[in-house]
There are 2 protein chains.
Amino acid sequence: MAMVELYDTTLRDGAQSEGISFSVVDKLHITQKLDELGASYVEGGWPGSNPKDAEFFEKVKDLSLKHARVVVFGSTRRRGIKAEEDKNLTMLVEAGVKAATIVGKGSAPQVTRVLKTTLEENLAMIADSVKYLKSKGLTVFLDSEHFFDGYKSDHQYALKTLEAAAGAGADCLVLCDTNGGALPEEITRAVKAAAKATGVPLGIHVHNDGGLAVANTLAAVRAGVTQVQGTINGYGERCGNANLCAVIPALKLKMGIDCVTDEQLARLTEVSRFVSEAANLVPGPFDPYVGTSAFSHKAGYHLDGITKWPDAYQHIDPDKVGNRQRTVVSDQSGKRNIIAKAKELGVDIEADARETQELLQRIKLLESRGFQYDNAEASFELLLHRARPEYRQPFELVDFMVVVESRRRPSTRKGEEEMLSEAMVKVKVGKEVIHTAAEGDGPVNALDRALRKALLQYYPSLSQVKLTDYKVRILEESTGTESQVRVLIESSDGVDEWRTVGGSTNIIEASWLALADGLEYWLLKHGG
Amino acid sequence: MAMVELYDTTLRDGAQSEGISFSVVDKLHITQKLDELGASYVEGGWPGSNPKDAEFFEKVKDLSLKHARVVVFGSTRRRGIKAEEDKNLTMLVEAGVKAATIVGKGSAPQVTRVLKTTLEENLAMIADSVKYLKSKGLTVFLDSEHFFDGYKSDHQYALKTLEAAAGAGADCLVLCDTNGGALPEEITRAVKAAAKATGVPLGIHVHNDGGLAVANTLAAVRAGVTQVQGTINGYGERCGNANLCAVIPALKLKMGIDCVTDEQLARLTEVSRFVSEAANLVPGPFDPYVGTSAFSHKAGYHLDGITKWPDAYQHIDPDKVGNRQRTVVSDQSGKRNIIAKAKELGVDIEADARETQELLQRIKLLESRGFQYDNAEASFELLLHRARPEYRQPFELVDFMVVVESRRRPSTRKGEEEMLSEAMVKVKVGKEVIHTAAEGDGPVNALDRALRKALLQYYPSLSQVKLTDYKVRILEESTGTESQVRVLIESSDGVDEWRTVGGSTNIIEASWLALADGLEYWLLKHGG
């Protein structure tokens with residue numbers, strides 16, 4: 001099959017995702033990563049819509065990119081003026097890069113209802129804008145906005161907009177499913193019609209509103225497009241864009257299209273997590289190819305299968321995309337899982353040793369108290385270490401007390417209360433006992449603060465560790481507030497993240513155990 | 001196009017998702033919701049692999065379902081024994097439901113490498129197991145595991161496994177892409193071959209490892225399958241199953257297949273959020289159709305478009321799936337929503353009354369503190385009543401104090417502590433102030449007991465009300481234990497169930513508010 005060029009729009013369309021706001025530094029780092037991943041084009045931003053983007057185009061000139069070309073984004077000229085008088089278009093030239101993508105309407109109803117101009121003027125807007133940018137020596141791509149919807153409502157006009165751009169010298173016509181609702185067969189049909197109507201290379205840019213963005217992208221490639229637009233992790237407006245982290249391995253591993261090298265593909269998981277970090281979004285655990293659960297096995301039936309044949313329950317070798325197979329230790333797992341998991345974590349335990357028997361007993365007991373290790377590998381790894389006679393705990397929990405009080409102030413109106421949360425903790429480090437206390441925004445926060453206060457004098461580097469997530473789950477709903485409680489805590493030192501668990505009938509005790517594990521795990525990894 | 005039956009496996013395959021562990025009560029509630037959504041089949045679990053599932057099949061008999069049939073899941077008999085001697089198969093019959101799905105291998109290499117038996121014996125295992133279950137009067141579906149991979153490696157054998165089941169009387173042959181790596185065109189080809197080889201109705205069950213599960217499901221429907229398997233929110237092993245929340249609207253709105261009614265479709269978002277709540281997973285904001293961002297607009301360019309034409313940047317009317325259009329800058333419940341909701345609950349409020357204005361202000365304030373009413377209608381209804389001047393609260397919360405203490409007993413071994421949880425509460429009923437205290441298994445249980453103790457002398461019938469579920473969600477993960485906390489409580493009097501919410505930065509205060517609402521709501525409905 002033909003060559004395919006990857007065009008990444010994480011920095012422009014991806015940044016339209018709810019909750020994302022990249023800094024200029026983030027954008028520069030991401031550009032570097034995308035270059036390493038093998039993207040042909042990196043769309044850097046829309047200087048006309050975002051003042052930060054002008055700064056990006058200034059600074060990106062200092063990056064030395066091996067492969068990727070930076071592209072500036074804008075729209076066709078406004079109606080009724082000349083292209084060279086349109087500030088939006090002149091800004092594209094001023095951005096100082098060699099390629100520009102402009103969005104133009106590919107759908108008749110969008111022209112009349114939203115652009116509020118005539119169908120003829122829209123054709124002129126497209127042709128004039130392409131011609132102007134070509135005259136300045138740029139490579140020019142047309143994003144044909146709403147092309148697929150336009151093709152459905154008036155296919156002749158939709159094709160005319162492409163012909164206008166082609167006639168003006170556009171280098172690639174990018175067909176957009178802007179509203180993300182097309183079905184794969186609609187994509188195939190319209191791409192084939194576009195190929196027939198114009199002799200220019202075609203591209204595809206689809207949104208994921210129907211959950212079909214990856215499939216629609218692949219369908220377009222099969223129908224003949226050679227430029228594939230998308231974003232890392234599928235970030236983008238509404239439900240997002242086509243997820244390049246799923247598109248790239250599908251093209252390379254399943255359709256035999258060498259859009260990246262083997263080495264570049266093996267960095268996919270790393271790039272995905274890097275971008276989610278920059279976006280300040282939790283990486284999607286269930287994301288195809290790159291998610292932490294993508295090659296994780298929980299069902300006993302599947303675990304049994306993969307011990308016999310590693311590929312029994314995986315569609316590709318996870319190494320190819322830089323991910324790995326994991327075993328999920330769940331309440332249904334036996335000795336086999338636990339030994340497999342220990343091996344995976346690099347802790348040697350022997351199947352028949354007395355310590356292993358005791359460990360299994362302990363895990364069973366803890367599971368019956370509500371501990372669950374699916375999502376708390378760090379606590380599980382601590383259990384393995386604690387089972388070894390040579391392990392020395394960096395600290396030991398002794399006592400704690402928490403007081404939460406709500407008093408209605410006599411002077412205030414109904415409904416206004418004064419809240420107080422305090423914790424006292426007693427912790428042992430070596431032979432020393434530290435007894436201290438702290439206030440907090442709630443009982444768990446007060447405990448967390450008191451525990452850190454106690455430990456920081458011995459382990460000052462613990463100040464890097466932050467709590468990033470806290471979850472509570474009640475295990476047997478039928479008994480309401482008397483039930484077993486499971487607390488899951490996620491901690492981070494800015495580089496790594498790890499999860500710990502605590503179980504008890506008492507939510508405060510469960511939190512206390514999970515908090516302590518979160519700190520002990522970091523000390524285990526970084527030296528107590 | 002032909003009729004399509006929806007087969008939901010959230011409770012079995014969905015529960016294989018990393019981090020999901022449904023209680024029996026959760027499973028019963030989800031079954032009810034799936035029935036209301038219009039699922040034809042609800043796969044309840046695998047009694048052979050999970051002791052909790054046996055309890056589910058016992059209790060599900062008491063639900064009165066309108067439309068859905070509950071299905072039990074298991075596997076074909078073990079090699080070398082008779083079907084009637086296989087405990088796994090007899091358990092399916094003992095589950096006491098009318099339909100069973102059994103998984104059998106549809107791929108030659110899986111038979112030899114994982115099952116470690118002969119290709120002939122696998123055919124016998126399938127045929128014998130189907131025959132046995134049919135002889136017990138059950139409707140029998142075969143999940144042909146690894147069928148699509150099997151079709152690629154040895155298509156003749158893959159089709160033979162289907163013929164074995166068809167010959168034994170299977171009611172539907174469900175073709176599985178177990179490893180989730182197939183491309184849509186591979187699905188189409190293999191489904192057509194299966195249809196040609198057997199005269200039995202076909203089903204489709206695919207995983208999302210390639211990000212193509214929705215597309216693959218739709219491709220199978222176009223190729224002729226009539227049973228569609230999937231899960232709510234796409235939960236499931238590894239990257240999940242086909243997401244019914246994307247498949248259902250695509251079938252109905254885009255392919256014209258009436259698999260659910262308009263009214264059922266309009267509940268899709270509600271069902272999605274209900275299940276994510278039960279799974280204790282944050283609902284995916286970017287999920288197609290049902291995500292909170294699915295119809296949210298952020299780009300200025302798009303916001304401008306939708307003011308001119310609401311459909312300019314949306315592929316369907318969000319009302320059709322019970323979702324709504326949002327602009328990302330302002331994220332508050334509109335007045336129209338609240339009035340519609342009040343009407344639905346039978347509480348009359350006037351759009352222009354001063355009380356309504358005050359109520360809107362109050363809801364905004366509470367939402368900013370973490371309250372959310374999607375899943376807590378009882379608390380919402382109480383808010384409406386409290387806004388009416390004639391409403392008299394049956395009791396009023398004044399003060400509380402909670403102490404949780406853990407002391408290591410000097411006489412005991414390491415790791416054994418004495419836990420104490422006590423609560424003091426002050427409550428006003430009419431002009432009386434009750435000041436009392438109680439112990440509990442944890443701080444929330446102690447509060448619950450103290451509050452009941454205070455109220456029971458005035459409202460003895462409150463003894464019927466029991467807490468049945470308690471959930472905690474942290475709202476801004478990035479700030480860890482200092483974040484806003486939302487507590488959701490479910491109460492029951494044995495006849496009805498209702499949900500209440502409390503929000504605070506303090507987990508104890510949030511619980512206190514939700515507990516009190518749970519009791520007040522019952523008194524409102526049954527006379528204080």
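What follows is a friendly set of questions and answers about a predicted model.

In this predicted model, local features need pLDDT of at least 70, side-chain atom pairs count only at pLDDT 80 or more, and totals for chains, interfaces and linings use all residues. Residues are numbered from 1 along each chain as its sequence is written, chains are lettered from A and ligands numbered from 1 in the order in which they are written, and side-chain values use heavy atoms, with hydrogens and water left out.

Visitor: How many helices and strands does chain A have?
Guide: Helices (H or I, at least four residues) and strands (E, at least two) are DSSP runs, numbered from the N terminus. The C-alpha atoms of chain A fill a box of roughly 80 × 70 × 50 Å along the principal axes. The count for chain A is 18 helices and 16 strands.

Visitor: What percentage of the residues of chain A count as buried?
Guide: Buried means under 20% relative accessible area, exposed over 50%, and partly exposed in between (1.4 Å probe, protein chains only). Chain A has 528 residues, and the buried share of them is 62%.

Visitor: Which residues touch the most other members of the largest nonpolar core?
Guide: A nonpolar core is a set of buried Ala, Val, Leu, Ile, Met, Phe, Trp, Tyr and Cys residues joined through side-chain atoms within 4.5 Å. The largest one has 200 residues. Apart from it lies another core, of 86 residues, with A:Phe400 and B:Ala514 among them. In the largest core, the residues asked for are A:Phe147, A:Leu251, B:Phe147 and B:Leu251.

Visitor: Which residues is B:Phe147 in contact with, leaving aside its neighbours within four places in sequence?
Guide: Contact means heavy atoms within 4.5 Å. By that rule, the partners of B:Phe147 beyond those neighbours are B:Gly106, B:Ala158, B:Leu159, B:Leu162, B:Leu175, B:Cys176, B:Ala190 and B:Ala194.

Visitor: What area do chain B and chain A bury between them?
Guide: Buried area is the accessible area (1.4 Å probe) that two parts lose on being put together, summed over both. Here 113 residues of chain B are in contact with 113 residues of chain A. Carbon and sulfur atoms carry 52% of the buried area, which comes to about 9,800 Å².

Visitor: Which element gives the most to the side of chain B that touches chain A?
Guide: Across this interface the rule finds five salt bridges (a side-chain nitrogen of Lys or Arg within 4 Å of a carboxyl oxygen of Asp or Glu). With 13 residues, the element that gives the most to the chain B side is β11(B).

Visitor: Where does B:Arg407 sit, and is B:Arg407 buried or partly exposed?
Guide: B:Arg407 is in strand β11 (residues 396–408) of chain B. Its C-alpha atom is separated by 6.6 Å from that of B:Met419, 12 residues apart along the chain. Because its relative accessibility is 31%, B:Arg407 counts as partly exposed.

Visitor: Which residue meets B:Arg407 in a salt bridge?
Guide: A polar contact is a pair of N or O atoms within 3.5 Å; within protein, one must be able to donate a hydrogen and the other to accept it, and residues adjacent in sequence count only if both atoms are side-chain atoms. The side chain of B:Arg407 makes such a contact with the side chain of B:Glu405 at 2.7 Å. In the salt bridge, with 3.4 Å from N to O, the partner of B:Arg407 is A:Asp399.

Visitor: Which residue caps the N-terminal end of α3(B)?
Guide: Helix α3 (residues 87–94) of chain B has B:Asn88, B:Leu89, B:Thr90 and B:Leu92 as its buried residues. These pack against β3 (69–75), β4 (99–105) and α5 (119–135) of chain B, and just after the helix B:Gly96 takes a positive phi of about 80 degrees. At the N-terminal end, a side-chain oxygen lies 2.9 Å from the backbone nitrogen of B:Asn88, and the capping residue is B:Asp86.

Visitor: What is the phi of A:His146, and is A:His146 buried or exposed?
Guide: A:His146 is in the loop between β5 (139–145) and α6 (147–153) of chain A. Its relative accessibility is 1%, so A:His146 counts as buried. Although A:His146 is not a glycine, its phi is positive, at about 60 degrees.
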